[in-house]
Amino acid sequence: SSKKRKKSLSLCIKMKNQLLASLAMALIFAVAVQSTAIELPKMSFIEEVLSGEAFMKTDDVVVTDGGEANLSKHSSSHHDKKPNAKQDMIKTVQGLISRITPSIKDNFTLEIPSKIEKDSFKLTQTRDGKISIEGSDGVALASGYKYYLNNYLNASISWTGDNLSHINSSTEMPEIEHEGVEKVRFGEWSYYMNVCTESYSMVWWDWNRWEREIDWMAMRGVNMPLMFTGQEYIWVQTFYDYGLLFEDLKPYFSGPAFLAWQRMGNIQGWGGPLDEKWINSQFDLGKKIFDRMREFGMKPVLPAFAGHVPDKFAELHPEAKITKSPTWNGFEDPYCCVSFLEPTDPLYQEVGEGFITNLIKYFGPNDHLYNGDQFNEMNPAQNDPTYLKEV
């Protein structure tokens, strides 16, 4: 009916606007630690990602009841190695091929040449009939592999199912045209994921499900994914630096399904508290996700401090300028009105830098792309243009 069509159209427009808002926030919070300047990227359309046409060792963690979150003393050498090295990316894509089509994994050769156009891949055929994929990085190689699957083997993988059953060890590899096939990315960056999806669905995923999703990303050209998993451990460490104990955070952290809105300051404690075991396991998982994204050559977008703090933080720092966020969506005390450290307060930048320092300390080097939301579906404390400009 006409009403149903209008409702569907309205929903599509709303979803598109939410995606565009997420893209904007990723740009707004693309900042560098210690004021190191970086060039902000130009974003490509999210539609390219969804259609697949973007191309034409973890440490053991212990949180003690005393309040401090500690890492067991294990080697962190995986943080010290050069990130995104060519051989690491090739090895990562070889792993992807082995997972998707293990029976024909030896029929592909991978290379990242020194001289190749940025964000591109090229398919050719070797003399012994193997498919040669040259790419500018791991994402380009994975995209080239997907291109061959789709266009030569009539195969595909998707969220809803795979079309791979006809591929086996006796499958003939169709020939590629003599001149080969070369594709260059339409836009420099393909951002992926909405912050709420982390609570809607992904918070329940294990490593096997995440590994498949990251493979899906790489094959579709995603090179700027959101990575929010495991951040509660970093918050524990950061707030501990300001005198809070783990007990002080229990009324603050919401349950897993509601973390997106707690992280954005809409609610606190709803569906909580989180226990130490869950925080530790999510941190372990987050490190694996982060490392795998980087191994493909992706640039993950990480969380940032937006100003929301536990109520205990306000008690311990009475000198700080802290206001209360407005009630959101009908939630009442003690689940509403989250304490908000004003961005104009000197402590705001200090806490923000401390959080990013801890991110680097526990997750490893990153590309300094961060996402945060100060006023998600809420009004700021003041509507004065001067105030809004400062925050």
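Predicted model: local features only at pLDDT ≥ 70, side-chain atom pairs only at ≥ 80, totals over all residues.
**Salt bridges and the nonpolar core**

Another joins Glu315 to Lys312, where the closest N and O atoms are 3.4 Å apart; the two residues sit three positions apart in helix α12, residues 311-316, and so are separated by about one helical turn. Here Glu315 is exposed, with a relative accessible area of 55%, whereas Lys312, at 28%, counts as partly exposed.

Now, what about the salt bridge between Glu211 and Arg292? Their side chains meet at 3.0 Å, N to O, and because Glu211 lies in helix α7, residues 207-219, while Arg292 lies in helix α11, residues 276-295, the pair ties together parts that are 81 residues apart in sequence. Both Glu211 and Arg292 are buried, and both belong to a network of salt bridges that also links Arg99, Asp215 and Glu295.

Finally, let me turn to the largest nonpolar core, which has 100 residues, and in which Trp210 and Met217 touch the most other members. If we leave aside residues up to four places away in sequence, Trp210 touches Met217 itself, together with Met193, Glu198, Met202, Trp205, Thr229, Leu285, Ile289 and Met293.

Methods: Residues numbered from 1 in each chain as written. Heavy atoms only, no water. Core = buried A, V, L, I, M, F, W, Y, C linked by side-chain atoms within 4.5 Å. Buried < 20%, exposed > 50% of the residue type's maximum accessible area, 1.4 Å probe, protein only. Contact = heavy atoms within 4.5 Å. Salt bridge = Lys/Arg side-chain N within 4 Å of Asp/Glu carboxyl O. Helix = DSSP H or I, 4+ residues; strand = E, 2+ residues; numbered from the N terminus.
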